[in-house]
Amino acid sequence: MAEDIKTKVIQAKRASIELSSVNTEIKNRALEAMAQALDKERKAILDANSKDLEYAAELKNKGKLTQALVDRLKVNDSKIDGMIAGIRDVIKLDDPVGDTLSTLELDKDLVLYQVSCPIGLIGVIFESRPDVVPQVMSLCLKSGNATIFKGGSEAKESNRTIFQILVKAIESTDGMPTGAFQLMETREEIMDLLSLDAYVDLLIPRGSNEFVKFIQENTKIPVLGHTSGICHIYVDEYADLDIAWKVCFDAKVQYPAVCNAIETLLVNRKIADAFLPRMAEMYLGAGVELRCDPDTYALLENKGFSPLSKATEEDWSLEYNDLILSIKYVDTIKEAIDHINTFGSHHTDGIITEDATRRNEFTGLVDSSSVMVNASTRFADGYRYGKGAEVGISTNKIHSRGPVGMEGLLIYKYILLGKGQIVADYAGENAKPYTHRKLDLKFEDIN
């Protein structure tokens with residue numbers, strides 16, 4: 001292992017202790033400094049990104065990078081505006097550190113507080129998308145977590161420039177520790193980072209299915225993430241067609257290169273003739289390749305639609321991240337639910353229906369981190385969920401699930417306040433009883 005990598009990680013780990021106790025006012029001043037620095041250094045960011053785009057074009061021509069990843073890589077003034085807005089949204093959020101989650105009296109003058117605190121040192125490993133750096137850094141800063149960043153080589157110049165701008169702004173703010181945020185840039189450093197489980201408390205990988213699986217299989221560090229975004233919308237027989245056409249179009253076409261865009265459209269056979277022809281016309285007009293099961297292929301072919309492709313069994317398990325959509329008939333809502341739970345990735349799935357019973361059946365039985373009713377799957381996002389931004393999407397069933405904002409970067413500690421009590425008094429024949437009474441007290445209010 002390169003010693004400078006371990007040195008960086010140890011420095012960040014030590015800084016995480018100091019960062020965990022920085023007050024809200026100082027953290028918000030650092031966040032505002034970050035936002036202003038991004039605005040001031042636009043040219044440097046765009047110049048760095050142009051170099052990455054040139055390199056990405058070469059990789060794409062060699063077949064080593066998809067167009068979807070190239071699209072995620074591009075930064076323009078609008079994206080910089082979004083980065084700035086995201087940071088300022090985090091400023092508006094309540095500081096979650098030090099919140100009293102519960103208070104329990106064990107006995108008179110013996111009170112147990114459960115208080116939120118940062119996780120510590122978080123490693124974020126991601127592909128493309130330089131806007132991940134300000135998103136994650138702002139959330140980690142506000143939640144008091146030190147962070148190690150490792151971006152993809154295709155975004156090396158953009159990541160480095162944005163990172164340096166933000167860290168300079170943070171460390172120029174009085175009261176902020178130095179070294180809490182670190183950047184790694186080579187592939188070899190990833191393996192080094194994965195081995196440092198004595199220092200790194202949580203890893204958040206953002207990227208392809210294969211990429212996340214690789215991280216999960218090569219570290220002892222807890223991993224928060226999702227391996228793929230195979231999302232569905234089921235159009236029920238009781239769907240409002242105007243809603244169905246609009247929502248299904250948005251869920252695929254608005255931005256197809258992301259994990260919350262749908263990859264499979266399930267259509268109830270009873271509504272197919274009324275719904276599918278116009279839907280296909282809209283999709284084909286937007287350049288979407290339609291991969292149809294035999295029944296939907298026959299319907300659309302008989303209506304004169306082309307070009308069409310025939311779906312294979314593999315298509316139901318594919319994350320396209322592109323203008324490609326598989327379509328399948330189902331006869332019942334149960335069949336739709338079974339298909340989603342079998343082939344989906346437990347990310348985001350939706351139903352279009354006006355029937356409350358079917359809505360409740362779908363939301364109750366679909367095993368996904370986000371379930372949409374008459375709304376686009378594209379809403380599954382930390383910013384849209386009011387979290388300011390997100391560090392990633394989690395399909396885990398422990399700790400945090402769905403779009404992960406600051407609440408996913410917190411754990412808690414127990415603080416017991418007493419007046420000389422000892423366990424011996426609460427054991428044996430004449431043991432004192434515990435009261436175990438819930439109290440409406442906040443730790444921060446104690447004098």
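**Cavity, pocket and salt bridges**

Helix 7 (156–171) and strand 5 (181–184) each contribute at least two residues to the lining of the largest cavity. Helices (H or I, at least four residues) and strands (E, at least two) are DSSP runs numbered from the N terminus. The model is predicted, so-called local features needing pLDDT of at least 70 and side-chain atom pairs pLDDT 80 or more, while totals for chains, interfaces and linings use all residues. Residues are numbered from 1 along each chain as its sequence is written, and side-chain values use heavy atoms, without hydrogens or water.

Overall, the protein contains 14 helices and 17 strands. The C-alpha trace spans about 85 × 60 × 35 Å along its principal axes. Of the 447 residues, 52% are buried (under 20% relative accessible area; exposed is over 50%, partly exposed in between; 1.4 Å probe, protein chains only).

On a 1 Å grid over the protein atoms alone, a cavity is a set of points where a 1.4 Å probe fits but cannot get out; a pocket is an open set with protein on both sides within 12 Å along at least five of seven lines; lining residues have an atom within 4 Å of a point. Points are joined across faces, edges and corners, and a volume is the space filled by probe spheres set on them.

The volume of the largest cavity is about 60 Å³. Sorted by class, the lining holds two nonpolar, four polar and four charged residues. Here Ala, Val, Leu, Ile, Met, Phe, Trp, Tyr, Cys and Pro count as nonpolar, Asp, Glu, Lys and Arg as charged, and the others, Gly among them, as polar.

Glu-185 counts as partly exposed because its relative accessibility is 25%. Arg-160 is likewise partly exposed, at 24%.

The second largest pocket has a volume of about 240 Å³. Its lining comprises 15 residues. Those nearest the pocket centre are Ser-20, Val-97, Cys-117, Pro-118 and Lys-413. Helix 1 (3–19), strand 2 (110–118) and strand 16 each supply at least two lining residues. Strand 2 gives the largest share, four residues. By class, the pocket lining has seven nonpolar, five polar and three charged residues.

The structure holds 25 salt bridges (a side-chain nitrogen of Lys or Arg within 4 Å of a carboxyl oxygen of Asp or Glu). One of these joins Asp-77 to Arg-42, with the closest N and O atoms 2.9 Å apart. Asp-77 is in helix 5 (residues 77–92) and Arg-42 in helix 3 (residues 42–61), so this bridge ties together parts 35 residues apart in sequence. Asp-77 is partly exposed, with a relative accessible area of 39%. Arg-42 counts as buried, because its relative accessibility is 18%.

A further bridge is formed by the side chains of Asp-315 and Arg-291, at 2.8 Å from N to O. Asp-315 lies in the loop between strand 10 (309–310) and strand 11 (324–330), whereas Arg-291 is in strand 9 (residues 289–292), so the pair ties together parts 24 residues apart in sequence. Asp-315 is buried, at 3% relative accessibility.

Salt bridges that share partners also build a network, with Asp-39, Arg-42, Asp-77 and Asp-81 as its members. Asp-39 belongs to helix 2 (residues 24–40). Its relative accessible area is 40%, so Asp-39 is partly exposed. The C-alpha atoms of Asp-39 and Met-83 are separated by 9.4 Å, although these residues are 44 residues apart along the chain.
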